[in-house]
Amino acid sequence: MTDKQRTLAILNLTGELAPELGEYFAKNGIKVIDPLTSSEKADWTHILTKDIHDFGLLRKTYKTLEKDIKLISLTKVNDIQNFIVSHGKLIFDELWMSGPLGPFILDKFFQEYAGINLGDNYPTFKERGAFNITNPFNTGEYLDQMVHQAFTDGVAALSVKTFFDHLLMFLTGLKNKKKIGLPIEVTYGTFDGIFGVQLHFFTQDLMLEDVSSCLSSTICKKAEEHLLNISVQSADFFDFTFLSQVNKVVVTGLWTKDEKIKIENRGLMFANLSSAATLPSYPTEGITSSLLVRPEIEDMSGKIILPDAPQDEEVKRISGKKMSEALAQKISSSLDFEKVKQIIKGNIDEDTFAQVVSGSVETEEGKVILGSDEEMKEILNLVKGSVEEQKDIYRISGQKLDPDNFAIKVSSGLMDKAKDDDVMKLKALGQKLPESIKTGLFDFAKKLNKPVEDLSLTDINAFQNFEIPKLIKAHTTIIGSQHKALINDLRIKLDNGLKAEFMEDSVDKVIASIKTPEDEARVMELLKTSLKNSLDSNFHLSEKDSITQEEENILVKSLSSSFKEDEDTIRQIIVDKIEAKANPLFTKEESEAEKELRRQLAIVNHDNANLVAKLRTLMAEVKVLKDTKSSVAEVQAKAQEEADAQVSSVIVDNDEELRQHFQEKLAQQEALSEKDQETLKSLLEREAKLINEAKQEEIKAKKVHIESAKKESMFVQEYEKVNRQLRAKDLMFNKIKETVQKITDKKDFEINDLKQKLDQVTRALAAGPSQSQSNIMRDLEKQNQNLSKMLEVYKVKVSSLATNIQSKADDSTSKDEVRRIQMMNNQLKNQFEAAKKELSKFQTKISTDAAQINSLRAENLKLEFELRRASSEASQKGATVESGDTQETLKKITAQNQILENQLKDAVTKLKDMELRFGDSQKNQRVQNSTDNTVNTKINQLEGSVKKLTQDLIESRNQLNELKKDSNKLRQEKTALQNQLDRMKKEAQKAATKKTGKAA
Amino acid sequence: MKHASLNPIQLPIREFAKKNICDGHLYLATKEGRKFYLMKPGLFVDPAFIKKHAPHNTIFEFTPVVNEEVKERFNVLFKELLYLKFERDLRVKTFEIVSFFQKAYTGKEHILSFASVCFENFNKIPEEALLKMHNTDMHLFRKSLYSAAFAVIIAMSNDYYHPLMLRDFFNVTFAQDMGLCESEYSYYVAQACNIENRMPGSGKAWMVKEGATPSEVNVFLEHPRKSYDFLKQAPDILAFNELAEIALYQHELADGRGFPRGVHKGLISSWESIVILADSLVEIEDQHHFENEVISYILNFQNEKLKDLPVGKVYKKLCLNLQYFVNAKEGGA
């Protein structure tokens, strides 16, 4: 334990500490004072806080910056910028203490040690990879490998990616400010379910503002301001440690698989370590090198699972094959468990069970469910028959109508008529019928503006024909056999499934055994599975892309009745689903023919709809006319009846009396009085009139009948016409449908084929060789780019050549020109070869000359030495020395010099010749622009050779100049020597003269 | 000596003047047939030497130690590396260089083939500075050249691929003893460097024991800082100026007993370890001329010495990479 650790004094503003944390402080001898329980004062080194969001107050109160009091928050900090600026150094949720890293993080923080290796900072990390960053914008592959490793280790790999990307860009910004230096060394590894990434780098003059300015919690357009914040928020624990001794910063991000650590429990540490304490030595396992380890990066796309979309959206985004599953999921998830229990309970109720078995179910609204229209007609006939019977009784008895009695008798009569199969349906219906009939009768009478007791037989007939069907319809609902099958199937599956799942022999016991949420989840799952299977087996939804209107209705009704859900809700689910299917996210391209067919289909559909509407109108008109006709006839008949009843009864009665009177008189052969004659006359007139009227009425009736027949035939004709049109349209529609179906099938086949191919390709891509293929592709792309560049260069060259050829095109054809240039090139090459040989000869000669010059020098030196010796001897002896040898030597030297000079002159001449020739050849070469690449290359080579030769020539010339200088020097020396020799000769002669004089 | 058995060639002074680094053994033959040994492989070709001999068109006897084919191959690989930009391409190329290094140096090949290519492609130290070092101690120069070359191959093996970064490693390693090139440089300083190299942490003690003057001791102890100052003051040498700091780490030890800062291994980064290892691989007065079996030399490096140096990780990676190629070769690759 260091001295610094012993003097730690922490002001605890959080109240009670978690036991693990308190234990840690106690174990490490760190004094923690709670101001509420103790008035002890100390030189605080740290302040523990919790749920504080304005740290400015603490900074001012405790002068945290001035006194170097570090703030520690045990809860999430909303404004990290504010926290850091207020000398906040650690955000550490007490939950971390339950994991393996908690005590270590605190050790690291309070004991202030750190290293640049992951294993130094965090214990026993097994290194999974390492790399160095020299170019922050060239890290793709390293990052891919690291993220791949994170995926493999099962941590939040995307958070790792976000952390790294943002941190690296933050560091790049610091690099631009010359606050940090490259390289950045990155190490990543795992330890006991924790994934760690560590970066370290040089830094200089890094200020708090450099860090805090990028911690803005507001996401703004300028990413630089929140880069570090995003990085911090992406890690479960973020550690930014400055090592002042070595001017390095170590940034570590940790991700834990511990589900207890959530966003609000994330940690942060900003440590400024002035002097590194002794670092505990932790073994680091493993060592990696990207040079050695170059694993192919597997596609981990499958690990990216986006969050669930909102419920409304869910169904719309599901592919066709999952339709039944989606419906099952949607419906089962919309039911709470209590409702499911009711469904299950309802399923085991004896009566309901009997209903299910018999195929009749009463809905929530009290409607009796019927299997089909036929079933409805059957029941309607039964009810009508029962009404007919009661009506006959009433007619026969002549009693006034008693609605209660009538309704009950109709209902009971109905029960008597029922066959065995219909018992349950009629039983259900029969319970409701009396009340309905009674109410219906009152309503009907009200319509006719009569008291119900005054309803006539005709009224009852009308009630029977028009109102009874309405009543029956109001109390029943028609569903198909599929519906029943679905419901039965679902209930059977659910029942059996529950029994099997909970290993009970009855559903009652099953319900009793459901006690835990897990059991409930099992039931819900079973419901979902049963529903899915039922939908699949009854509607084959998985195999369909769409369902018909009829199927939709059946589904809606079945599911609505099964799950006691509003029909609209169920319909919404199903319709949404179907719409989603009808409008896929990615539609295939339609051909023109398909478009045309679709357009025609739409027109036909539209016409069809119009015709149907027209037909409906006509039918309605016919119905109205029929009704009117019948009502008119009825009214007429009634009026006639009444008139007959009122008028004719009197007339008929009077005429009958008169007729009898006259018959009697005729029988007695009595004469008719005048009065009788008038009466008879009037009687006869009345009869004639009556006959006339009857005839006219008959004619009128015939006319009406004819008109009616005409109208009827006209309507029938119209009806038939419309029907024919409809049939024609239907035929067209069917044909178009068939064509479209064929095209669709064909397209579907093609799509499936393409899908299969795509799958194969995807599988192939997902398989191992994909990386190598991509590498090859990348290489090929690069080669392609290089070749493109080369092509560009050659294009430029060719264009320049073409320009040159164009300029020369006046003289001769290009082929001749090429041939001529080639010949010239060959000549030039030969010339160069010859020149080279001459040059090498010349160089050899120069070296020989140099050797000769050296020997001459040596001889000169020797001569000089001899001369000196001779002169000294001459001076010493004073004797005349005629040196014949010397003269000979001198002559020899002179001759040699002369030869040398000649050789030099020759060499210079040759050199000049060569220079001239090279100059000419260079000129020729420059003039002769080649027309093709080969010639150009050769010319380039020749130019290179010429340059080289020219350089060699220059060197040779320089050497020659040096030789000339040497030669001049030698000449001068020779002249000097000759002068000296002359002088010596003269002196010798003088000496000899003196000597002879003395002797004389 | 081994090289004497090789057939010498006649090398005119103008040909020799083209060389920056002497890549063979250079002799001067007298008329009488006596030979004077003028220059060892790895030494700097001093312009004064050329100036002295050029007027006489001296023709030397020269025994080359560099394999021109190997050198040319390294040269081509380095040129290709300098041309590349993308990380993956760079990595593949460095992989190729390390592979060829392993292949070339498993047999009898002089390290100079690689070192001279590194020098030609990477050297950014001004000529006067090189001359100063050369004039201070020719052996120091040669040692620095070889160390710098080793730094390049160690860096490549430790996932450094960027040509500029590799160039900086070469130059930092080359210049990290520039601080020794002072007037006080003496036998004691040179010997202390040797002792320190052989037994890390014992150089200063040896100097004190042997009676070196305080200024000599100071030269020895302060040379990392002076080398750092040299690199800082010559900004054109390094592409990443911050890497000058590496020069401060050359004599740091794993346990923190080193100088000048006494930094322990937990604070020493890989880029610093690379230079420390490269420096340790070559001794100033090393009789081993790296004429053959360089790979064997690296793989059998003294473990006792390594224990004290903070280079464990980078050395391990170097060996792993070299061993990888050895294994690949043995495995029929």
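The model is predicted: local features need pLDDT of at least 70, side-chain atom pairs count only at pLDDT 80 or more, and totals for chains, interfaces and linings use all residues. Residues are numbered from 1 along each chain as its sequence is written, while chains are lettered from A and ligands numbered from 1 in the order in which they are written.

Of the 333 residues in chain B, 49% are buried (20 or more other C-beta atoms within 10 Å of the residue's own; exposed means 12 or fewer, partly exposed in between; C-beta atoms are placed from the backbone).

Now take helix α3 of chain B, residues 68–83. It has 16 residues and reaches 22 Å from first C-alpha to last. That is close to the expected 22 Å, which is 1.5 Å times one less than the number of residues. Val70(B), Lys71(B), Phe74(B), Phe78(B) and Leu81(B) are buried in α3(B). Seen down the axis, these buried residues fall within an arc of 95 degrees, so they line one face of the helix. The arc is taken from the directions from the helix axis to the C-beta atoms. On the other side, exposed residues include Glu68(B), Glu72(B) and Lys79(B). Among the elements covering the buried residues are α4, α5 and α8 of chain B.

Finally, the two chains meet. In all, 28 residues of chain A are in contact with 29 of chain B (C-beta atoms, placed from the backbone, within 7 Å). On the chain A side, β7(A) gives the most, with four residues.

Methods. Helices (H or I, at least four residues) and strands (E, at least two) are DSSP runs, numbered from the N terminus. Two residues are in contact if their C-beta atoms, placed from the backbone, lie within 7 Å.
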